[in-house]
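Hi,

Here is the structure I said I would pass on.

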Amino acid sequence: MDTGSDQRADRGIDVSVVVPAYNRRASLDRCLTSLLVQRVAKEIIVVDGGSRDGTLGLLGLYAAHHPRLITLIEDAQPGTPGGARNRGLDRATGRYVLFCDAGDHLAPDALARLVAAGDRNHADVVVGKVAGARQGLRGVADRASLPDVYDDLSCFKLFRRDFLERHAIRFDEAQRRGEDMTFTVHAYCHARVISVVADRDCYHAEGGSGASVRDPLGWLRVVRTPIEVMARHVPPGALRDRLLLRHLRRDVLAQLGAPFLAACEAHREKIAVEVADICGQWLTPGVRAGLDGVDAARVAALDDPDRLVRLARVEAASLRHRLTGVEWRGDRLLIEGWAALTDANRAAPSTAAPSTAAPSTAAPDGDDGAGMDGAGVGDAELGGIVGVVLRDRLSREERALIVTSGVAPSVTSGVTSGGTGSAGSFTAVVDVAKLPPGVWDVHVAVECEGARRLARLGSRRDAGVRAPASHLVGGAVAVPFLTRSQGHLGLDVGGHVARVPAVVRLARARWRGRRLHVEGQVRVGDEAAASAVRHLIWRERASGREHRERAVAAGPREFAAETAGLGPGTWDAYLELGLGGPPVRFPVKVADADALDRPLRWWCGPKQWGAVGWTAGVWGAAQWTARPYATAVNRRLSVSVRVASPLTVVRRMIRSMRHR
């Protein structure tokens with residue numbers, strides 16, 4: 001049965017939304033409602049494959065109430081998802097096609113934003129952000145590269161329909177799993193322009209599939225098809241290697257993790273053989289060079305199932321860690337703590353005493369999935385090498401630190417104490433003088449069996465552990481900090497994001513002719529910082545105009561600067577410092593009112609300063625008044641500059657005489 005009017009093709013449809021529905025009665029209302037509220041010219045094509053839970057009856061009601069929007073295609077027998085989507089695609093008349101599962105829904109403005117991006121960029125494929133997805137681009141990309149979008153191989157995207165017809169891109173109806181991946185790979189390889197709309201969520205996927213975990217052998221057979229489709233369209237080289245790397249890491253070698261542990265011994269051997277066969281065909285030197293530690297170790301151990309099991313346990317283990325101390329030792333930052341991998345799957349009974357470590361009051365780490373600080377009853381520690389790694393927040397560059405006592409215990413059974421006695425204790429040394437400016441996040445790393453586990457350090461720490469004060473090292477400020485949300489430890493070299501505790505105090509401000517000579521002291525934390533002074537900046541309060549004068553060091557913490565040429569207005573003083581990162585400025589504070597000189601007044605003709613008004617033009621001169629003062633609230637140094645005509649001066653004198 002096929003409902004819907006053939007006149008729909010003449011109505012200028014923007015988007016045809018194809019929805020395969022089989023036994024989706026519970027979620028169908030939300031899906032269709034989210035499609036009906038989209039503010040674009042649309043048609044909704046729902047393909048039912050013989051549902052037995054009332055889905056067909058509900059679809060009939062929707063089609064009857066929205067005959068110009070909803071088309072219902074009914075198949076007597078359930079088929080594959082790819083077959084249902086092909087039926088809907090054959091019926092579509094819109095300029096674009098979007099595939100949506102009946103269990104999912106769209107954001108209210110999703111289609112409008114996707115269509116706008118497609119029209120603006122003449123895109124063949126528009127990738128919208130899937131809610132909760134960790135991969136993919138952020139923001140908006142008018143022309144994304146193929147590697148940029150290749151992480152997302154679902155079919156829940158906007159496709160230009162004539163593009164699909166021109167290249168005969170259809171779903172493989174013989175595939176019951178992975179058909180969307182093959183379809184999307186085929187479309188990506190032909191698309192001239194791929195756009196991304198990821199500033200806000202577009203698609204809400206309600207259910208995730210655990211098929212690859214339940215049946216890794218079946219999944220490994222499925223992923224061969226999209227790999228072969230990609231290889232037919234992309235010639236050998238760097239681009240193909242980048243795309244192959246995605247498939248091998250996420251689709252192939254990932255089956256040697258949790259799915260491998262869940263399988264029986266006989267299936268483990270079959271999984272390893274299947275993975276080895278795929279790697280033998282597609283693991284090029286370029287792909288091998290891109291593998292990280294754990295995946296490279298897996299490739300080397302494909303003929304050793306026992307080691308594959310150990311690698312999987314290392315990956316699945318909980319990484320427990322605690323920060324026990326952080327302090328300055330001269331120009332070096334010392335970081336102390338402990339870390340250990342615990343594997344609940346290898347637990348053995350133990351009579352060890354329970355943990356005496358204080359419970360952590362910080363928020364969960366979120367980066368490592370480590371759980372609580374103490375190991376659970378029956379947990380076992382895995383051996384490994386404990387280290388500390390700094391990672392630059394912007395460039396992602398990593399620097400391994402010098403670590404002492406960084407060897408975790410060998411494999412033991414039973415309850416671990418959760419303290420430094422049983423875990424891998426470490427002391428890491430940060431040589432700040434050799435560290436480039438930037439924001440460096442501190443990670444603890446445990447390497448075991450060739451695999452590395454990494455987690456942010458600091459969210460779990462001993463009571464009383466605080467970030468130490470800032471420190472000047474080689475002309476740069478180094479500010480250790482703990483993040484507000486999770487309490488992760490970081491080091492800001494140069495004052496990029498952390499507050500620099502600098503104080504600028506005025507010693508005196510005296511007139512030298514018509515130039516204001518300013519002297520003061522500056523320190524960062526408890527350290528003299530005059531060597532970092534750059535400019536004395538005056539900012540006009542109303543207009544935001546700035547006037548800068550060069551400031552010089554007059555001692556370890558003393559600085560001096562002279563200012564002339566301030567125009568009419570109220571000017572606030574700031575001292576600019578160069579601390580290894582972007583220039584930072586701090587207000588000049590006035591501790592003692594006696595440090596300020598008296599107001600200065602002088603007469604100036606119109607040629608020197610420009611006409612103030614018709615009165616000045618008549619009288620030919622004006623009186624300027626510059627008054628240094630401290631603001632009432634926070635005692636900042638400011639200068640008020642006022643210009644008065646002779647008539648105004650006379651009136652002021654008369655009022656003063658009358659008051660007397």
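**What I found**

In H16, the buried residues are Leu-308, Val-309, Leu-311, Ala-312, Arg-313 and Val-314. That helix covers residues 305-316, twelve in total, and reaches 16 Å from its first C-alpha to its last, close to the 16 Å expected at 1.5 Å a residue. Before you go further, keep in mind that this is a predicted model.

**Another helix**

H11 is the other helix I looked at. It runs over residues 238-252, so to speak a 15-residue helix, with 20 Å between its first and last C-alpha, close to the 21 Å expected at 1.5 Å a residue. Its buried residues are Arg-240, Asp-241, Leu-243, Leu-244, Leu-245, Arg-246, His-247, Leu-248, Asp-251 and Val-252. What do the buried residues of H11 pack against? They pack against helices H5 (146-149), H7 (179-190), H9 (216-222), H10 (224-233), H13 (265-282) and H14 (285-290).

**Cavities**

How many cavities of 30 Å³ or more does a search of the whole structure find? There are two.

- The largest cavity holds about 40 Å³ of space. Leu-98, Leu-106, Leu-114, Gly-128, Phe-156, Cys-202 and Tyr-203 form its lining. By class, that lining has six nonpolar residues, one polar and no charged.
- The second largest cavity holds about 30 Å³. Around it sit Leu-333, Ile-335, Leu-390, Val-430, Val-442, Pro-480, Leu-489, Gly-490 and Leu-491.

Where does the lining of the second largest cavity come from? Strands S11 (332-343) and S21 (489-493) each give at least two residues to it. S21 has the largest share, with three residues.

**A pocket**

The second largest pocket has about 200 Å³ of space. Its lining is made up of Arg-332, Leu-390, Arg-399, Ala-400, Leu-401, Ile-402, Val-429, Val-430, Asp-431, Lys-434 and Leu-435. Sorted by class, that gives seven nonpolar, no polar and four charged residues. Strands S14 (398-400) and S16 (424-431) each supply at least two lining residues, and S16 has the largest share, with three. If you are clicking through the linings, note that Leu-390 and Val-430 are in the list for this pocket and also in the list for the second largest cavity.

Asp-597 sits in the loop between strand S30 (584-590) and strand S31 (600-604). Is Asp-597 buried or exposed? It counts as buried because its relative accessibility is 14%, and the cut-off for buried is under 20%. A polar atom of the Asp-597 side chain lies 2.9 Å from the backbone nitrogen of Trp-511. Leaving out residues up to four places away in sequence, Asp-597 touches Ala-509, Arg-510, Trp-511 and Pro-628. Gln-175 is buried because its relative accessible area is 9%, with under 20% as the limit. Which side chain does Gln-175 join in a polar contact of 3.2 Å? The partner is the side chain of Thr-182. Not counting residues up to four places away in sequence, Gln-175 touches Thr-80, Thr-182, Val-222 and Thr-225.

**Backbone angles to look at**

Most residues other than glycine have a negative phi.

- Ala-168 has a phi near 50°, which is positive in a residue other than glycine. Ala-168 counts as exposed because its relative accessibility is 56%, and the cut-off for exposed is over 50%.
- Arg-396 has a phi near 65°, again a positive value in a residue other than glycine. The place of Arg-396 is the loop between strand S13 (385-392) and S14.

That is what I have for now.

Cheers

Conventions:
Residues numbered from 1 in each chain as written. Predicted model: local features only at pLDDT ≥ 70, side-chain atom pairs only at ≥ 80, totals over all residues. Heavy atoms only, no water. 1 Å grid on protein atoms, 1.4 Å probe; cavity = no way out; pocket = protein on both sides within 12 Å on 5 of 7 lines; lining within 4 Å. Points joined across faces, edges and corners; volume = space filled by probe spheres on them. Nonpolar A, V, L, I, M, F, W, Y, C, P; charged D, E, K, R; others polar. Helix = DSSP H or I, 4+ residues; strand = E, 2+ residues; numbered from the N terminus. Buried < 20%, exposed > 50% of the residue type's maximum accessible area, 1.4 Å probe, protein only. Polar contact = N/O pair within 3.5 Å; in protein donor to acceptor, adjacent residues only side chain to side chain. Contact = heavy atoms within 4.5 Å. Expected span 1.5 Å × (residues − 1).
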